[in-house]
Amino acid sequence: MDEHPRLVIGISGASGVIYGVRLLEILRALPVETHLVMTKAAEVALAHETQLKVAEVHALARRCHAVTDMAAPLASGSFRSLGMIVAPCSIRSMSEIATGATSTLLTRAADVALKERRRLVLMVRETPLHLGHLRSMAALAEMGAIIAPPVPAFYARPESLEDMIDHTLGRVLDLFGLAAPNLRRWGEKPEASDGDKLRALRRNKPG
């Protein structure tokens with residue numbers, strides 16, 4: 001393996017493409033070699049939900065792979081990695097992974113992670129869920145995948161959407177033994193943020 005461990009990042013076509021983008025940004029500060037696969041639907045979501053260009057997202061990864069390239073190294077179990085995160089994970093991608101009938105490099109790479117007993121984390125973005133969705137999630141959990149919907153944690157006292165996104169991604173990276181900076185953890189007392197200090201001043205203001 002190269003000097004740094006590899007981590008495969010998939011971005012599929014669910015709403016919440018910012019999770020995948022921000023994940024790549026966080027990983028740039030960590031000793032990890034990122035390999036990105038982005039679906040065509042994810043590119044459409046990127047245009048609707050952000051002002052970023054696809055090339056800008058690609059530039060955040062160490063290496064990018066075309067979603068149609070089924071001969072890419074990621075398609076083989078001999079490609080060693082820590083595993084894979086799909087952020088966000090669409091129901092279509094989740095369903096393909098659950099059945100093993102993979103039609104893109106993203107779902108094939110996820111299937112490889114499962115068969116090689118590597119960590120696979122799916123940040124499924126859908127609500128409400130019908131029974132078919134839940135059965136697919138249960139099947140994936142039985143195969144060893146981790147279903148990690150991006151649910152915000154309010155105990156961290158987020159001051160912005162960015163805070164909520166970063167906290168969720170920090171918890172996902174915990175699953176790989178990777179420490180995201182400034183992750184606020186339950187029961188621990190981090191240094192007060194500027195927002196915390198301002199709120200305290202307001203509470204203690206006379207009159």
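Residues are termed buried at under 20% relative accessible area, exposed at over 50% and partly exposed in between, with a 1.4 Å probe and protein chains only. By this criterion, buried residues make up 45% of the 207 residues in the protein chain. The structure is a predicted model, in which local features need pLDDT of at least 70 and side-chain atom pairs count only at pLDDT 80 or more, while totals for chains, interfaces and linings use all residues. Residues are numbered from 1 along each chain as its sequence is written, and side-chain values use heavy atoms, with hydrogens and water left out.

Eight helices and six strands are present in the protein chain, taken as DSSP runs (helices H or I, at least four residues; strands E, at least two) numbered from the N terminus. Their order along the sequence is β-α-β-α-α-β-β-α-α-β-α-β-α-α. Of the contacts (heavy atoms within 4.5 Å) between residues at least 6 apart in sequence, 77% join residues at least 24 apart.

Helix H7 spans residues 161-174. Its buried residues are Ile165, His167, Thr168, Leu169, Gly170, Val172 and Leu173. These pack against strands E1 (6-11), E4 (83-89) and E5 (119-124) and against helix H1 (17-28).

Helices H4 (residues 91-99) and H6 (residues 131-143) pack at an angle of about 50°, with axes 9 Å apart; axes are lines fitted to C-alpha atoms over the stretch in contact, and angles run from 0 to 180 degrees between N-to-C directions. In this contact, Ile91, Met94, Ser95, Ile97 and Ala98 of H4 meet His133, Ser136, Met137, Leu140 and Met143 of H6.

Methods:
The expected span of a helix is 1.5 Å times one less than its number of residues.
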